[in-house]
Amino acid sequence: MEGTLQLLKKDLKMMKGWFLGGAAVIAVVGVLGAWLAYQTRVGTVSFLISFLLFIHVFYIPAYVWRSLSKEWKGTYVYWLQFPQSGWTLLAMKLVSAAISLCASYFIAYAIFYGISQIEMNSKQQLLEVVVPDAFDVRSYIEYIRSSFLSMFSLILFLSVTLGVWVLLLNISIQAVRRWLHRFSGVVMLLLFIFLFWAELSFSNTQLYRSLTEWGAFTGTSAWAIIELHIGDVLFSLLEVTVFFFAAGWLVDRKVEV
């Protein structure tokens with residue numbers, strides 16, 4: 001347990017600059033957004049700032065890729081010599097990425113909430129000036145504010161799912177590097193593009209729908225809005241579990257110190 005915590009602390013410390021840089025960018029955008037919100041007060045800024053929340057879907061993939069890239073540049077010799085298994089090494093990277101995502105998302109949400117407070121107090125409304133009844137920004141903003149948990153859980157789920165794809169891709173490139181040398185990245189990227197295309201094609205088949213279209217989410221949660229089913233979630237969890245164990249196996253058996 002102590003060794004696992006040391007791994008987690010190591011990963012968090014290694015990516016501290018990356019996290020603080022991202023938080024600084026969000027803070028700067030927030031300050032600029034607050035100033036613009038005071039000037040316009042028509043909902044435009046809240047609408048745009050809300051995309052800071054959605055782009056967190058790509059947070060864990062970017063974090064994992066950056067973290068592993070740092071390892072391969074010089075620290076991998078020490079990293080791979082930790083007594084823990086490859087699955088533990090990779091799990092701690094995902095955990096540290098999830099912790100950083102949570103902190104970054106809460107910062108972005110606080111900024112969004114504060115700016116929306118400024119604009120929701122105005123009687124004006126986005127696009128009413130140009131096209132009356134074109135878009136009810138107040139309902140949109142209210143939904144984002146009232147659906148914090150469902151929005152956050154969905155973004156975290158999607159980010160972890162993409163993060164495991166990226167994790168396996170990165171480890172696979174490193175595992176075949178001794179055979180393919182400089183072409184390993186291109187070959188594995190093409191392979192994963194094919195796998196991603198194959199999954200998308202399969203998801204449009206009747207077989208996939210019969211296996212996953214059960215347990216529909218109800219109400220106004222973000223999961224229901226994008227028409228996800230519990231079957232879809234379980235299928236994705238099974239897939240990322242297989243990918244994660246494949247990545248751990250590659251670290252233990254195929255990645256050389």
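Helix H6 (residues 86-120) and helix H13 (residues 230-253) have axes that come within 7 Å of each other and cross at roughly 125°, where axes are lines fitted to C-alpha atoms, for helices over the stretch in contact, and angles run from 0 to 180 degrees between N-to-C directions. H6 is therefore oblique to H13, oblique being the class left over once angles under 35 degrees are taken as roughly parallel, over 145 as roughly antiparallel and 65 to 115 as roughly perpendicular. The helices are DSSP runs (H or I, at least four residues) numbered from the N terminus. The model is a predicted one, in which local features need pLDDT of at least 70 and side-chain atom pairs count only at pLDDT 80 or more, while totals for chains, interfaces and linings use all residues. Residues are numbered from 1 along each chain as its sequence is written, and side-chain values use heavy atoms, with hydrogens and water left out.

The contact (heavy atoms within 4.5 Å) involves, among others, Trp-87, Leu-90 and Leu-94 of H6 and Phe-244, Trp-249 and Asp-252 of H13.

Ser-116 also lies in helix H6, and Ser-116 is buried, with a relative accessible area of 0%, since buried means under 20% relative accessible area, exposed over 50% and partly exposed in between (1.4 Å probe, protein chains only). Leaving aside neighbours within four places in sequence, Ser-116 is in contact with Ser-46, Ile-141 and Arg-145.

Helix H8 (residues 148-175) has 28 residues, of which 21 are buried, so that H8 is mostly covered.

Methods. Helices (H or I, at least four residues) and strands (E, at least two) are DSSP runs, numbered from the N terminus. The expected span of a helix is 1.5 Å times one less than its number of residues.
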